[in-house]
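Welcome! Here is a friendly tour of a protein model, one topic at a time. Please look over the sequence and the structure before reading on.

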Amino acid sequence: TGLAIVIYLNQTPLQPRERDYAYAGSFYAYAIWIGLGVVGLFRAARQSSYQFLSVYATRGSIIIGVLAVFDLASNGGFTFTWSALYALFLVLLILSLAKALGKVVPGNRMLATLLLAVCLPVPILMAVQNWDDHDRSGRYIARDIAFNYLNSCDKNAILYSNGDNDTFPLWYAQEVEGIRTDVRVINLSYLSADWYIEQMARRVYESDPLKMQLTEKQYRQGTRDIVYLYDRVKGHVDLQEAIQFVANDAIQSQGVPGATEPIFYIPQHLFRYPADSSKVFQNGTLPAQLANKYQPELRWEISQNYLTKNHLMTLDFLASNQWDRPINYAITVGSENYLGLDPYFSMDGLAYRVVPAQVQDGIGFAGGINTETTYRNLMETFRWGGIEEGDIYLDENCQRMFSNMRLNFANLAQALIQEHKADSARKVMERCMELFPNEKMPFDLYMLSFVNNFYELGLNEEARKLATTILDNTYADFEYFLSLDAKYNNALSFEKRVAAHIVSELIRVSHEHDDKAFSASIDQRMQDLGPGLNRFFR
C-alpha cells in the first residue's frame, strides 16, 4: 500500500513535511506480517526434521541468483545482493535456533515464551536507537512559532498566511489556547473559494468582520475567478475605484474590444491608495520613527497581467479597509502574493505590515525593518518552543524554521548597525547564538552575515572565532564530498555550491575588513584539501 499510494500520488521528493501517514497502511500490514513470522518460528520449532531448512536455503538462493543478475545489470555490482544474502543467512540462523529450542523445550507455552524472548531484542533495539529521533517531549516549537507570528501583529490586525503549514499552527493557537483571537488569519490558498470569502464577512472571536465591496453573488465560484489587467486609462487608478469598476456588472458585461466573450478586467496595472495623515498617525499605522518617511498615498504597479480571485480579494480588503485595521503578511508568504506592495512593507518580527511609507533599507527581502518593534519581539516577546529549557530534538523542519529565525536576527542586527545602535546590535547577535548555538544547530550559511556584522562593530576577534566555526563545519562537508566515489559527483550539486559559497564569502568579508592574514589562512586551509577538491567543482 505504501508503494501504491506513492505511485498513485506521483509524490515528489522534498515534501513540505513528514508524510508517514501515506505509508500507515503498509506499516500496519508489515507489523502484522512480523507477528505472523513469530508464529512461523514456533511452527518451525515443532517440525519433525531439519529438511525444511534446505527448502528455505534452496528457494532463497534462487531468489538471490535472480536478484544478482538484475543487480549486476543495473548497478554494475552486487549492492543489493549482499544485503539479500545476509538476510538469508539470518533467516536460516534464527530458524535453526528455533528448531534447536524445539528439541530441548517440551512445553508449548515455555517454547513460545523463549521464542518471544529471542525476537524481542529487535523492537527493543529499534526503540533504543530511534527514540531520540522521535521524542517530542518538551518541544512546543509549532505552537510557539504561531504565538510569535500572531504577536508580530498589532491589535485587531489582518494576517495573511500561505498554505497549511503556515496556517494550521496559527489556528490551533487561537482556537485551542486562545492566543491573540483578535487577529484575523487569512489563508491565501483558501481565499479563492467562495465559502471561505464568505467566512471573512463574519465576526470570529474578537476579530471584526472584514469590509469588502464585492458581494456574494460577485465573488461566487465561476465569477471573477480571473480578472485581467488592461491599460485602457492613463496614470495610476485609485484602488477603491478599481474595485468598484470590476464589481460593476454593467461595465464588465461590455468586455474588452476584440474579446470573443465578456471578460472581467481592471483598466490599468498602476494603482494608488491614499493615506489620510491624521488617521494613520493617530491609530498607530505609521510609528513615530517612520514619520519622516510618510507618503500621502501608496503608488505601485502590479506586473502580472491578471489577478486570481484570492489576489482580487486581497486588493478588495485593502481598498475597503481604509487604514482602519493593520494589514500584515507573514514573512513566509511568497513574493508573488505581494502584488507589488512590498516597497511599503515594514517588518515587525515575523510579519510585514503595510504602511504609508517607503521603508526599503536593502537588508531584508521586502520593505524595511521596524527596529523598535522587531527588537522588542525578538528579545522580549517571542517564545522559543522549549529550546532554552532542555535538550530537545530538532529535526530538519525545526532546524529550517530556526534557520529563518537566525536570518531575522542577522537582518535586525544589520539594521541596528545602520542606525548606529552598536550595543543593541551586539545584544541581538549574542542572543541569537545563545538560543541557537553551534552544538544544537551547526553554524551555516545563515551565520555569514553575523561575521560581517562583527567586523562592522570592530569586534574582529569575535568575527574570526565565528568564521572559524562556520569553516570547520564546511570543511567537514568538503571532506565528506571527497570521500565519495566519482560517480556521485553530481549527486550533491546544491550542497557543494552552498559550501563553496560559504568559503568564498568568508574570504571576501575578512579581506574587505582588512583582516587579510585570516582571509589568506582560510584560502590555505581549502588548498590543503588537495587537488581532489577541484574534481567536485568542475
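Helices (H or I, at least four residues) and strands (E, at least two) are DSSP runs, numbered from the N terminus. This is a predicted model, in which local features need pLDDT of at least 70 and side-chain atom pairs count only at pLDDT 80 or more, while totals for chains, interfaces and linings use all residues. Residues are numbered from 1 along each chain as its sequence is written, and side-chain values use heavy atoms, with hydrogens and water left out.

- Gln-322 has a phi near 55 degrees, a positive value in a residue other than glycine.
- At 29% relative accessibility, Gln-322 counts as partly exposed; buried means under 20% relative accessible area, exposed over 50%, and partly exposed in between (1.4 Å probe, protein chains only).
- His-420 also is not a glycine, and its phi is positive, at about 65 degrees.
- You will find His-420 in the loop between H16 and helix H17 (422-435).
- With a relative accessible area of 74%, His-420 is exposed.

**Aromatic rings**

- Rings of Phe, Tyr and Trp (its six-membered ring) pair if their centres lie within 6.5 Å; planes under 30 degrees apart count as stacked, over 60 as edge-to-face and the rest as tilted.
- By this rule the count comes to 25 aromatic pairs.
- In one of them, the rings of Tyr-160 and Tyr-329 have centres 5.0 Å apart and planes at 35 degrees, so this pair is tilted.
- Tyr-160 belongs to strand S1 (residues 158-161) and Tyr-329 to strand S9 (residues 327-330), so the pair ties together parts that are 169 residues apart in sequence.
- Both Tyr-160 and Tyr-329 are buried.
- A cluster linked by ring pairs is made up of Tyr-160, Tyr-329, Tyr-338, Phe-345 and Tyr-352.

**Charges over rings**

- A charge sits over a ring if NZ of Lys or CZ of Arg is within 6 Å of the ring centre and within 35 degrees of the ring normal.
- The charged end of Arg-383 sits over the ring of Phe-147, 3.7 Å from its centre.
- Arg-525 lies over the face of Tyr-475, at 4.5 Å from the ring centre.

**Helix H4 and its neighbours**

- Helix H4 (residues 79-104) has 26 residues and reaches 39 Å from its first C-alpha to its last.
- That is close to the expected 38 Å, where the expected span is 1.5 Å times one less than the number of residues.
- Among the buried residues of H4 are Leu-88, Leu-95 and Leu-101.
- The buried residues of H4 pack against helix H2 (24-45), helix H3 (51-75) and helix H5 (108-119).

**The largest pocket**

- On a 1 Å grid over the protein atoms alone, a cavity is a set of points where a 1.4 Å probe fits but cannot get out, and a pocket is an open set with protein on both sides within 12 Å along at least five of seven lines; lining residues have an atom within 4 Å of a point.
- Grid points are joined across faces, edges and corners, and a volume is the space filled by probe spheres set on the points.
- The largest pocket has a volume of about 1,400 Å³.
- Its lining has 32 residues, of which Ile-34, Gly-37, Val-38, Val-91 and Ile-94 lie nearest the centre of the pocket.
- H2, H3, H4, H5 and helix H6 (121-134) are the elements that give two or more residues to this lining.
- H2 provides the largest share, 10 residues.

**Cavities**

- Three cavities of 30 Å³ or more turn up in a search of the whole structure.
- The largest cavity has a volume of about 60 Å³.
- Residues lining the largest cavity include Tyr-273, Trp-323 and Arg-325.
- Helix H14 (309-321) and strand S11 (351-354) each supply at least two residues of that lining.

**A buried serine**

- Ser-403 lies in helix H16 (residues 396-418).
- Ser-403 is buried, with a relative accessible area of 8%.
- Apart from neighbours within four places in sequence, Ser-403 is in contact (heavy atoms within 4.5 Å) with Met-441, Asp-444 and Tyr-446.
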